[in-house]
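Dear colleague,

Please find the structure below, handed over for your own work.

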Amino acid sequence: MSISSSESAPSRNLKIGIVGFGPFAQFLSKTMIKQGHILTATSRSDYSELCAKLGISFFKDVIAFLEAENDVILICTSIISLQQVLNSMPLQHLKRPTLFADVLSVKEHPRTELLRVVPEDSDVLCTHPMYGEESGKDGWKGLNFMFERVRIRDEAICSSFLQIFESEGCRMLEMSCEEHDKLAAKSQFLTHVIARTLVELDIQYTPIDTKRFESLVKLKEGNMNLSFDLFSGLFVKNRFAQQELQNIELAFNKVKQKLIEKMNEDQD
Ligand code: NAP
């Protein structure tokens with residue numbers, strides 16, 4: 001892993017075509033527009049009205065979207081639908097080499113899928129902004145942004161894209177997609193499992209809350225707006241998360257075992 005900076009590279013305004021205009025794409029697009037980039041979008045659902053309000057050209061027709069000569073095609077679909085979405089895109093309609101970037105919360109899977117479908121003359125950049133609407137609501141300064149330059153020939157476009165995040169103050173972390181998935185299973189996936197468990201328990205504030213309990217309720221509430229597609233994708237498409245779920249179960253059983261042993265000791 002390395003903490004990187006490309007501040008010296010000149011940055012330019014990009015034409016960015018977003019695939020999948022759900023909550024996270026909408027959140028990212030506001031900053032991209034503020035920075036002066038030109039956005040287009042396509043999605044399974046019709047976002048024409050919302051896009052018109054934001055100044056984004058929305059394409060219902062994916063061929064017209066691909067022919068629109070974007071510098072970057074930014075994949076923002078759910079993890080679970082990625083393969084289906086990529087398979088449905090007739091990439092032979094691209095007019096010129098394009099940078100394909102993604103923001104999925106797992107990384108080995110989009111890396112493999114993008115290398116499978118992206119034309120040989122186009123570049124591939126895998127990224128994961130490690131924040132969302134809640135943690136990034138007051139700006140992106142100091143928030144982690146992971147990326148791997150999977151196949152980059154056009155350095156100018158790639159560094160202009162990375163500058164979107166760097167110029168907002170993100171902590172730029174260059175690492176392999178494999179390394180990301182290993183670390184994310186032990187951190188982000190664990191956080192989501194705990195948060196989902198707290199949702200199932202339906203924990204609520206009480207009149208006698210400790211600070212630590214308040215932070216658990218906040219963790220639960222921070223999860224309420226995230227889709228089940230996102231959560232399940234973190235598990236299904238990250239081979240390291242499957243081991244982590246077993247570790248969590250083992251750890252819970254150990255804690256339970258220790259309590260029961262103590263109770264039995266006291267009763268002897
Ligand atoms: P999400 O539920 O993970 O993804 C929603 C997007 O996926 C929408 O654009 C939706 O299209 C599309 N989609 C879902 N099923 C589809 C299908 N069968 N066919 C075509 N499109 C489909 O929610 P999200 O929070 O917006 O996340 C988007 C991506 O960003 C995910 O890969 C996620 O891992 C990543 N990410 C999210 C966050 C975050 O805080 N939310 C942070 C970092 C990275 P329609 O809206 O058109 O139906």
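In helix α7, the buried residues are Cys-177, His-180, Asp-181, Ala-184, Ala-185, Gln-188, Phe-189, His-192, Val-193, Ala-195 and Leu-198. Please note that this is a predicted model. One of these buried residues, Ala-184, is also where α7 bends by about 50°. The helix covers residues 177-201, and its 25 residues should span 36 Å at 1.5 Å a residue; the C-alpha atoms at its ends are 34 Å apart, which agrees.

The aromatic side chains come next. The structure contains 14 aromatic pairs. In the pair of Phe-27 and Trp-140, the ring centres are 5.9 Å apart and the planes stand at 40°, so this pair is tilted. Phe-27 belongs to helix α1 (residues 23-34), whereas Trp-140 sits in the loop between β7 (123-129) and β8 (144-151); the pair therefore ties together parts that are 113 residues apart in sequence. Phe-27 and Trp-140 are both buried. They also belong to one aromatic cluster, which is formed by Phe-24, Phe-27, Tyr-131, Trp-140, Phe-145, Phe-147, Phe-161 and Phe-165.

Finally, the surface. A nonpolar patch is formed there by Val-255, Leu-259, Ile-260 and Met-263, which together have about 380 Å² of accessible area. Met-263 is located in helix α10 (residues 239-267). With a relative accessible area of 46%, Met-263 counts as partly exposed, because that class lies between the limits of 20% for buried and 50% for exposed.

Yours sincerely,
A colleague

Methods:
Residues numbered from 1 in each chain as written. Predicted model: local features only at pLDDT ≥ 70, side-chain atom pairs only at ≥ 80, totals over all residues. Heavy atoms only, no water. Phe/Tyr/Trp six-rings, centres within 6.5 Å; stacked < 30°, edge-to-face > 60°. Helix = DSSP H or I, 4+ residues; strand = E, 2+ residues; numbered from the N terminus. Buried < 20%, exposed > 50% of the residue type's maximum accessible area, 1.4 Å probe, protein only. Patch = residues over 30% accessible without salt bridge, like charges linked within 9 Å, V, L, I, M, F, W, Y side chains within 5 Å. Areas by Shrake-Rupley, 256 points an atom, 1.4 Å probe, with all protein chains shown as cover. Salt bridge = Lys/Arg side-chain N within 4 Å of Asp/Glu carboxyl O. Expected span 1.5 Å × (residues − 1). Bend = angle between axes of the 7 residues up to and from the residue.
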